[in-house]
Amino acid sequence: MAETHTVQPGDRAIAYLTLTPSAAVLLLLVAVPTITVIGISLQDVGFGEMSGPWIGLENFAWALTSRTFWTALKNTFVWVFGSVSLEMMLGLGLALLLNRTFALRGVARAIILAPYLIPTVVAVLVWRYMFHDIVGILNYMLMSVGLISKPMVWLASTSTAMLSVIIVGVWKFFPFVVIALLGILQSIPQEQYEAAEIDGASAFQQFWRITLPHILPVFLLTALLRTIWTFHKFEIIYLLTGGGPLDSTTTLPILVYIKGFADFELGRAAAIALITFFILVVLLAVYFGFMKRAEARQ
Amino acid sequence: MTSYDTAATVIDRAPPRRNYEAADIHFIASRAMTYLLALTACTVVGFPLFWMVICSFKPATELYMSPPTFLPQQWTLQNYRDLFLQTRFPTYFLNSLIVAFGATLLSLLVGGLGAYSLSRFRFFGISGFSTVTLFCYMLPEVLIVIPLYIYVVQFGLADTLFSLIVANTAFTLPLALWFMRSYFNAIPVTLEESAMIDGCTRLQAMWKVTVPLAVPGLVSVSVFSFNHAWNEFLFALVFTSSERNKVLPLGLATWIGQDNIYSWGMLLASAVLVTLPVLVFYLAVQKRLVVGMTEGASKGE
């Protein structure tokens, strides 16, 4: 915790006054909407309407009994698990690599960071061009090395769409893991490695006994943070496939959008959004609990 | 910098060894491995961006060629020219700038003030408010887009840039509050206190001592807010519809899939141009960016 002032007269007024605008904005833009969305989820909102008769939990019952919802839930888990596990593995590998000294390391770091900084729409445009079945470079490369015999329709086939979306997501977001882990790797005291070296520990033993225990808390925290963010990612999937083909990449956020703003059934959309939110709250509770513990240890 | 190459450490620091040759071979092999891996990683990760830039300079005939040409046989600026002369790209660009700067300014003014209080005082409810802030930052957009859409329609703000500025603030403000709080935390309280002993009031001390020291923090928070609003897509998709009010991500998104009208060349050229402001900002705050980006994960305080 940071140091605070010794309290002086008038401080209380200043503290609350400076906080009021922020509190007001968050109240109007986050708290009130959250209450509104709960209200909407309990109403039967017709096509293109903004409100409707109260129907209790019917929208939730509809969601939990509809096949679309369960497909979306399953897709969400595939998307989150696939993306986060690959991001963590790739992120750890490249963080270890960038932690070594070599010429042009700054350049390498900039290149590896770049995907995280570019706008999502840009990432999507480039990858859609590369994924293109006829003029795309990906099919051309894979065919010239003989991995595939005929061009694949990456984004338009139910069997490869999810994989393709995960590839783009991992490419775009793994640099976050690299940066997070690079920070903690550089804080490991070098003497520990030197001592291990003298004792004849192999590189693998050094990683297992020194590096891993040291970075583990940050590694887990980063994985959790990536899970939360990946869970409610919308635009990267929407722009790549729109949730298709045939629901194969429809995750919960995509389903909320489709229900709310393509089918214009705001009540049902709100119900799905709230279920999504409940799952997220569980993840957030774990995250905050974890952070409290990490803070207590410091 | 505290990192050393482990192999190099062996040579530099380990007690003298008999077998110099074995150590040399180990050293060279390890170096070669490092460079090989780094080269591979950079090639694979960097290729899509390289391809984007290269292809934006190719004429249409080459873009639709199968197999594709690697480097353009003929470099051209035609795609960029078309973008400005035949499309609404300049309008989208201007709209994006307005929305991104608007949201950034708003969250900086409101959030900077609030963050000072979060950092410096421990009255009732203040540390609770910090937690709420972080929670808001992680709220899914799809949850609040539904009610915000209803408000926007009811207040007659549909299809305006103003609605986007306000909606973006729902996310850039928590970000500003949370990050600015840690920047303020890093500035010693004693500086303000000695200013107050010299006769400053609390507000004068804040304005004359703390704020100037927090400028680097303010700059990097601006970059984050700007980047967030510049990227934001869902609110734009739901709130705005007319060509006049489209921001870049929405404008480009509607071109995707219409490659009979908008050629890949134009799309890739626009992708390059959308990336440019982000790149400029990145170069400006490179060092701080790395610190800021990991703030959430490692929570350095």
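Me: Which residues of chain A does the UniProt annotation "domain: ABC transmembrane type-1" cover?
Reply: According to the unreviewed UniProt entry, this domain covers residues 73-287 of chain A. UniProt positions are given in the numbering used here, feature names are shortened, and annotations may be inferred rather than shown by experiment. The structure is a predicted model, in which local features need pLDDT of at least 70 and side-chain atom pairs count only at pLDDT 80 or more, while totals for chains, interfaces and linings use all residues. Residues are numbered from 1 along each chain as its sequence is written, chains are lettered from A and ligands numbered from 1 in the order in which they are written, and side-chain values use heavy atoms, with hydrogens and water left out.

Me: And how much of 73-287 in chain A is helix or strand?
Reply: The span is 75% helix and 0% strand, with its end C-alpha atoms 21 Å apart. Helices (H or I, at least four residues) and strands (E, at least two) are DSSP runs, numbered from the N terminus.

Me: Where does UniProt put "transmembrane region" in chain A?
Reply: The unreviewed entry lists several segments, among them residues 77-98 and 206-225 of chain A. Residues 77-98 of chain A are 100% helix and 0% strand, and their end C-alpha atoms lie 31 Å apart. For residues 206-225 of chain A the content is likewise 100% helix and 0% strand, with 27 Å between the end C-alpha atoms.

Me: What about chain B, which residues there?
Reply: The segments that UniProt places in chain B, also from an unreviewed entry, include residues 92-116 and 123-150. Residues 92-116 of chain B are 100% helix and 0% strand, the end C-alpha atoms being 35 Å apart. Residues 123-150 of chain B are 79% helix and 0% strand, and 36 Å separates the end C-alpha atoms.

Me: Changing topic to packing: at what angle do H7(A) and H9(A) cross?
Reply: Helix H7 (residues 161-185) and helix H9 (residues 203-231) of chain A cross at roughly 150°, and their axes come within 10 Å. Axes are lines fitted to C-alpha atoms, for helices over the stretch in contact, and angles run from 0 to 180 degrees between N-to-C directions. H7(A) is therefore roughly antiparallel to H9(A); angles under 35 degrees count as roughly parallel, over 145 as roughly antiparallel, 65 to 115 as roughly perpendicular and the rest as oblique.

Me: Which residues of H7(A) and H9(A) meet?
Reply: Those in H7(A) include Phe173(A), Phe176(A) and Leu185(A), and those in H9(A) include His214(A), Arg226(A) and Trp229(A). Contact means heavy atoms within 4.5 Å.

Me: How far apart are the axes of H7(B) and H8(B)?
Reply: The axes of helix H7 (residues 141-154) and helix H8 (residues 161-185) of chain B are 12 Å apart, at an angle of about 150°. That angle makes H7(B) roughly antiparallel to H8(B). Glu141(B), Ile144(B), Leu148(B) and Val152(B) in H7(B) meet Ser163(B), Ala167(B), Ala170(B) and Phe171(B) in H8(B).

Me: How does H5(B) pack on H8(B)?
Reply: Helix H5 (residues 89-120) of chain B packs against H8(B) at about 35°, with the axes 6 Å apart.

Me: Finally, how many salt bridges over all chains?
Reply: There are 7 salt bridges, each a side-chain nitrogen of Lys or Arg within 4 Å of a carboxyl oxygen of Asp or Glu. One of these joins Arg202(B) and Asp11(A), with the closest N and O atoms 2.4 Å apart. This pair crosses between chains, from helix H10 (residues 202-213) of chain B to helix H1 (residues 11-41) of chain A.
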